[in-house]
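Me: Could you walk me through this model, starting with one of its helices?

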Amino acid sequence: MVHYGHSNQLRQAKGMGDYLIVGVHTDAEISKHKGPPVFTQEERYKMVRAIKWVDEIVEGAPYVTTLETLDKYNCDFCVHGDDITLTVDGKDTYEEVKREGRYRECKRTQGVSTTDLVGRMLLMTKAHHSNMDNPDYQQHTDNFGKVSRMGYILVKICHSPWTGVSQFLQTSQKIIQFASGTEPQPGDTIIYVAGAFDLFHIGHVDFLEMVYKQAERPYVIVGLHFDQEVNRYKGKNYPIMNIHERTLSVLACRYVSEVVIGAPYAVGKDLLDHFKVDLVCHGKTEVFPDKDGSDPYAEPRKRGIFRTIDSGNNLTTDDIVQRIIENRLQFEARNQKKEAKEMAVIEAMKKREQPRSGTDGVC
């Protein structure tokens with residue numbers, strides 16, 4: 001997937017240098033080393049290009065980063081998160097560049113992982129943002145990341161710190177880091193859009209890009225609805241991502257200037273006047289009525305500033321969830337295999353750090 005945890009890594013990486021080139025792997029490489037990708041390589045290429053800290057991408061980058069790759073693109077060093085990345089045979093993919101001192105590390109974003117997001121899609125409950133103690137969620141964590149080590153006298157389930165399920169905690173500092181910090185300038189066209197923007201995907205990117213192209217000097221404001229509001233009109237277990245996660249996902253997009261956290265569902269007079277909105281856009285997706293049955297876009301329609309945007313992409317969050325459900329067993333196997341490799345590395349590291357004891361096998 002491409003999520004706000006990746007965006008945060010790229011933000012940190014850009015801060016270490018002047019020009020950021022991002023290598024994106026093919027579907028074949030990911031399937032070989034990690035398991036089935038959620039987004040296709042073409043979707044991932046476009047999504048990474050849309051992250052505002054990225055200057056250039058390399059399509060089909062090799063899974064193992066070598067000095068030859070760095071030299072080919074005139075890179076001084078490469079950056080990765082502080083989680084380990086292994087090949088299909090359990091080798092560190094950054095071993096060569098680490099050895100030559102051309103590797104730097106950034107902090108992984110705690111509380112988000114592809115593992116967790118995939119699990120939320122399979123866990124059909126409205127409480128998946130906060131209910132980590134419920135039995136269904138615990139079963140999900142077992143299915144999506146465990147290593148059973150039956151060969152030892154004392155058996156204990158061990159979880160990798162990189163693949164395990166956790167929860168994201170929002171801070172004001174994180175929002176500041178992601179925000180553009182720019183205000184609309186004279187001559188800017190202020191464009192407002194609103195929605196859930198759940199599981200931020202290529203459909204959202206294509207829509208926001210088209211919105212951005214509606215003016216010569218666009219200032220795009222995205223109104224994000226609170227979780228309860230999203231669940232009212234979308235139902236099921238939506239939103240998959242909570243309001244804090246959706247905020248960072250949208251802020252990371254290069255076409256977005258500002259986000260309204262917890263925007264009113266109806267785009268009314270007060271909102272339009274407060275932000276001095278020139279244009280209100282909505283995609284081709286259905287417009288659900290407000291609680292009282294009214295049209296949430298009645299006011300912008302009345303003012304003649306409402307515009308329907310056809311992005312040419314019909315992908316929805318429902319489609320992404322359906323991909324996961326259809327490949328459930330593959331994704332469960334992916335995460336169990338990935339964590340098993342990580343735990344083997346952790347055990348090897350522990351053995352190097354301390355003498356072997358008589359109580360072998362307990363982690």
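**A buried helix and its partner**

Reply: In helix α6, the residues T114, T115, D116, L117, V118, G119, R120, M121 and L122 are buried, where buried means under 20% relative accessible area with a 1.4 Å probe and protein chains only. This is a predicted model, in which local features need pLDDT of at least 70 and side-chain atom pairs count only at pLDDT 80 or more, while totals for chains, interfaces and linings use all residues. Residues are numbered from 1 along each chain as its sequence is written, and side-chain values use heavy atoms, with hydrogens and water left out.

Me: Which helix comes within 9 Å of α6, axis to axis?

Reply: That is α14 (residues 317-326), whose axis crosses the axis of α6 (residues 114-122) at roughly 90 degrees, so the two are roughly perpendicular, a term for angles of 65 to 115 degrees.

Me: Which residues make the contact?

Reply: V118, M121 and L122 of α6 meet I320, V321, I324 and I325 of α14, contact being heavy atoms within 4.5 Å.

Me: Switching topic, where is E245, and is it buried or exposed?

Reply: E245 lies in helix α11 (residues 243-251) and is buried, with a relative accessible area of 1%. Its side chain forms a polar contact of 2.8 Å with that of Y4.

Me: How confident is the predictor, on average, over the protein chain?

Reply: The average pLDDT, a per-residue confidence from 0 to 100, is 83 for the protein chain, and 80% of the residues score at least 70. Over residues 136-166, however, the pLDDT is below 50.

Notes. Axes are lines fitted to C-alpha atoms, for helices over the stretch in contact, and angles run from 0 to 180 degrees between N-to-C directions. Helices (H or I, at least four residues) and strands (E, at least two) are DSSP runs, numbered from the N terminus. Angles under 35 degrees count as roughly parallel, over 145 as roughly antiparallel, 65 to 115 as roughly perpendicular and the rest as oblique. Buried means under 20% relative accessible area, exposed over 50%, partly exposed in between (1.4 Å probe, protein chains only). A polar contact is a pair of N or O atoms within 3.5 Å; within protein, one must be able to donate a hydrogen and the other to accept it, and residues adjacent in sequence count only if both atoms are side-chain atoms.
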